[in-house]
Amino acid sequence: MAFLTEDTALTISFDSPKLGQGRSASFTALRAKFDGWLAKKAQEAGAVLVTGIRVDGLWQEDGRIRGVLVAPNDRVAADVVVIAEGATSVLTRGAGLKADLEPREVSIGVKETIEVPAETIQERFGLGDKEGAAFVFAGQASLGLRGGGFLYTNQSTISLGLVVSSEDLAREKVEIPEVQTRFRMHPAVQRWIRGGKVTEYSAHLVPELGAGMMPRLWGDGVLVAGDAAGFLINNGYTFRGVDLAIASGMAAGEAVEAARAAGGMRAANLAVYEKFLRSRNVLTDLERFRRAPLYMKNERLFDVYPRMLLEIAERLYTVDGRGKERLADIVLREAGAAEVPKWKLLLDLLQGARSM
Ligand SMILES: Cc1cc2nc3c(=O)[nH]c(=O)nc-3n(C[C@H](O)[C@H](O)[C@H](O)COP(=O)(O)OP(=O)(O)OC[C@H]3O[C@@H](n4cnc5c(N)ncnc54)[C@H](O)[C@@H]3O)c2cc1C
């Protein structure tokens, strides 16, 4: 984890060979490759894959979903539709399962894939074969706007990106590419990516309120999964969307099977989706971290506290012949200088511990 001001960084690192071993070993997946692989697996299991066609709406009749409407005037009938359209949730809202999106419910995420030779990555990050490194950045990573940066290594690329509050971008009239460029140019980021070539750029909405923005998850002939359902947990030190999207897709499959056995795709039968979402830890985790998104709206976390931490670190490590202060004295003085009352600092710490 790294806290940034304009030209300084305080990095807290954690090395664990254990995280690279066994069934729970960490890994990165490049979606351009992974999605194709997963789609092939689905086809091998009997799915028919149709790509390159936009769904314009849900085909509703007699109060239930009968299938989807595709351009220009076509319909595709289905016993059940699983909406997995991502955070924009146009179809979900069109089906009356969710109210209009509000700016506070979404952030903008941007990611660059930067090509760097595998040997350079290993040497630069001090990695062995099949080892990786990951960082999260707070503070000036997002120009002090609510949000943060991330960097992780792949075999011969580095993924670098940001997730920034759409409310703050609009209020400050800043474009996300500008924030990303400033982040990329920070010395604490440049040292890892220098000489690299950006080969991919992607950006899209990120649902931010988790359990606080969930639509109705099922109806007659319809289920909602993944980002469209708000299934994402961003608690500052981990950013989980893909695993919840996959787990909710699996839960949707199980619910459809159970509903079929119970007599059909009526809402009452599809309600079993909730049980499967819980057994796959989707709803349980979202509920456990229900407070995290609200905590992450605290502006002090993104500007005042990173600056304070950097000031404290500078004072701790400055040797100028003057007598040294104790850590607690420095912290309290810096809190005073940042105009954060002690009770507020304590409250923020306690709320952080309870939410994250
Ligand atoms: C910059 C960034 C970095 C991220 N990093 C991570 C990470 O490190 N780890 C992690 O777990 N998560 C991460 N996430 C979150 C993760 O990408 C999402 O949670 C995940 O992709 C959700 O999957 P999904 O299938 O629900 O939606 P999506 O991946 O958004 O897929 C929805 C698909 O539906 C298609 N679609 C939408 N509407 C229509 C329509 N009308 N007709 C036809 N097709 C349609 C879209 O084109 C898209 O292909 C990141 C997100 C961003 C933006």
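Reply: Contacts around the ligand and within the chain

Among the 22 residues around the ligand, those that come nearest are Gly86, Gly109, Gly226, Gly241 and Val242; a residue counts as near when its C-beta atom, placed from the backbone, lies within 6 Å of the molecule or strand concerned. The model is predicted, with local features requiring pLDDT of at least 70 and side-chain atom pairs counted only at pLDDT 80 or more, whereas totals for chains, interfaces and linings use all residues. Residue numbers start from 1 along each chain as its sequence is written.

At least two residues of this shell come from each of strand S7 (106-115), strand S11 (197-207), strand S15 (239-240) and helix H7 (242-261). Helices (H or I, at least four residues) and strands (E, at least two) are DSSP runs numbered from the N terminus. The shell comprises ten nonpolar, six polar and six charged residues. Here Ala, Val, Leu, Ile, Met, Phe, Trp, Tyr, Cys and Pro are nonpolar, Asp, Glu, Lys and Arg charged, and the others, Gly among them, polar.

The chain is divided into domain 1 (1-293) and domain 2 (299-355), with bounds from an automatic or database domain assignment. Their C-alpha centres are 33 Å apart. Ten residues of domain 2 are in contact with 14 residues of domain 1, contact meaning C-beta atoms, placed from the backbone, within 7 Å. On the side of domain 1 that touches domain 2, strand S1 (2-4) and strand S8 (134-139) each supply at least two residues. That side has six nonpolar, six polar and two charged residues.

A further contact joins helix H12 and helix H13: Met308, Glu311, Ile312, Arg315 and Leu316 in H12 meet Ile330, Val331, Glu334 and Ala335 in H13. The residues of this contact are six nonpolar, no polar and three charged.

Note on methods: Contact = placed C-beta atoms within 7 Å.
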